[in-house]
Structures are given as structure tokens and as C-alpha cells.
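Here is a short briefing on one fold. Look over the sequence and the structure first, then read on.

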Amino acid sequence: PAVLCDNYQGGILAANRLFDAGCRNIAIFNPPTKENIPAYSREKAFMKCCEDKKISGRVVYTDRLAPLSEEFGNNIFATSDVMAANIIRACKKMGKRVPEDISIVGFDDTWISTLTYPSITTIHQPVQEMCEYAIEAIVKKVKSEKVPSQVVFPVELIDRESTK
């Protein structure tokens, strides 16, 4: 059985948060992999939301430690909090202020999102609940009990300091 968070909804929440902050030129930073990863659902939703709102959205494929460049725009949805933290670090090196010059939304709501300055506005996925469910599903499978082939947990926006 697969246990997932609602990655598509996460992409929508991130795009809407940037839009609500007045951002009209936004980018999503996604890992450069050929594998079908959850971040691609985030990207699909993010770009659809940009299209629906008629704002400029672009995809930047980069690994989470890649340096930031001026060409990436001024408002970013990073598909992980680690990537968002790296972007905050790169902004400081470039003399850009977060969120005054660049608004950033992350994804995961990991501990790192509260350790950066400014703290990261992020999409919370309920990892604890997902893990507990996964263990229950494994136990049920071992007992030959039925479990759904896929369970999707909701996500929510955690508004912190990295967005206007």
C-alpha cells in the first residue's frame, strides 16, 4: 500500500500563497530527476494554478544545493524545506532580503523550516500520522487483512516569515 500526502494540493496552496502575497512572477524549484517523484504533482498543480490566475510561472530543475541566480525570478516555491533553506542562504549572499525582495514557500514542514532566519512558510505534510498509518497497514497486510492500495493525507499551509 502507498501512503502519500496530497502533493497536488500542496502545489496549489504554495502558488496561492505567493499570489496572495502579490507575487506575479513565480517559479517552482524541483529536483532534476527522470524518476516519477511526488514533487512532480506539486509542479503540475503549481503551474496549473499560475495558468488559471494568468500569472508568470516557470519551472527550474535544480538540485537542492544549487546556487541561486538572478534569472530565477523573485518569488519561489521550493519543493522541499532543505531547498528553501538553501535559497534563503543564497539570497543573503546575493544581498537579497527575504521576504522583502524574494518570497519563498517550502514543502514538508521539517525542523529546518523553523531554524532558518526568516523561518520558512511551508506546506505541512503529516509525517507522523502517515508513518503510523503505514505501520498499521503493514500489520494488517501481514495478517492478510484488506488495506487500501493508496491513502492520501491532506496537507496544510504553515504561514511563517519567508513570505510577504
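In which sense do strand S2 and S3 pair, and over how many bridges? Strand S2 (residues 25-30) pairs with S3 in the parallel sense, over 6 bridges. Strands pair if DSSP finds at least two bridges between them. This is a predicted model: local features need pLDDT of at least 70, side-chain atom pairs count only at pLDDT 80 or more, and totals for chains, interfaces and linings use all residues. Residues are numbered from 1 along each chain as its sequence is written, and side-chain values use heavy atoms, with hydrogens and water left out.

**Sheet**

- An open sheet of 6 strands runs in the order S3-S2-S4-S5-S6-S8, with mixed pairing.
- Strand S3 (56-61) and strand S8 (156-158) are the edge strands, and each pairs on one side only.
- On average, neighbouring strands of this sheet are turned by 20° against each other, direction ignored.
- Asn 30 has Tyr 61 in S3 as its bridge partner.
- Helices (H or I, at least four residues) and strands (E, at least two) are DSSP runs, numbered from the N terminus.

**Helices across the sheet**

- Helix H2 (residues 39-53) lies across S2, S3, strand S4 (75-78) and strand S5 (103-108). Helix H2 runs at about 170° to S2.
- Helix H3 (residues 81-94) lies across S2, S4, S5 and strand S6 (121-124). Helix H3 runs at about 155° to S5.
- Axes are lines fitted to C-alpha atoms, for helices over the stretch in contact; angles run from 0 to 180 degrees between N-to-C directions.

**Nonpolar cores**

- The largest nonpolar core has 21 residues. Those with the most contacts inside it are Leu 18, Ile 26, Phe 46, Phe 77, Val 105, Phe 107 and Ile 123.
- Strand S1 (2-5), helix H1 (7-20), S2, H2, S5 and strand S7 (150-153) each supply at least two residues of this core.
- A second, separate core has 16 residues, including Phe 29, Val 60, Ala 85 and Cys 91.
- A nonpolar core is a set of buried Ala, Val, Leu, Ile, Met, Phe, Trp, Tyr and Cys residues joined through side-chain atoms within 4.5 Å.
- Buried means under 20% relative accessible area, exposed over 50%, and partly exposed in between (1.4 Å probe, protein chains only).

**Gln 125**

- Gln 125 lies in the loop between S6 and helix H5 (127-142). Gln 125 counts as buried because its relative accessibility is 13%.
- Its side chain makes a polar contact with the side chain of Asp 108 (2.7 Å). A polar contact is a pair of N or O atoms within 3.5 Å; within protein, one must be able to donate a hydrogen and the other to accept it, and residues adjacent in sequence count only if both atoms are side-chain atoms.
- Neighbours within four places in sequence aside, Gln 125 is in contact (heavy atoms within 4.5 Å) with Cys 5, Arg 42, Phe 107, Asp 108, Met 130 and Val 155.

**Salt bridges**

- The structure holds 4 salt bridges. Each is a side-chain nitrogen of Lys or Arg within 4 Å of a carboxyl oxygen of Asp or Glu.
- Asp 159 and Arg 17 meet through their side chains (3.0 Å, N to O). The pair links distant parts of the chain, 142 residues apart: Asp 159 in the segment after S8, Arg 17 in helix H1. Asp 159 is partly exposed at 47%, whereas Arg 17 is buried at 11%.
- Lys 48 and Asp 52 form another salt bridge (2.8 Å, N to O). They are 4 residues apart in helix H2, so about one helical turn separates them.
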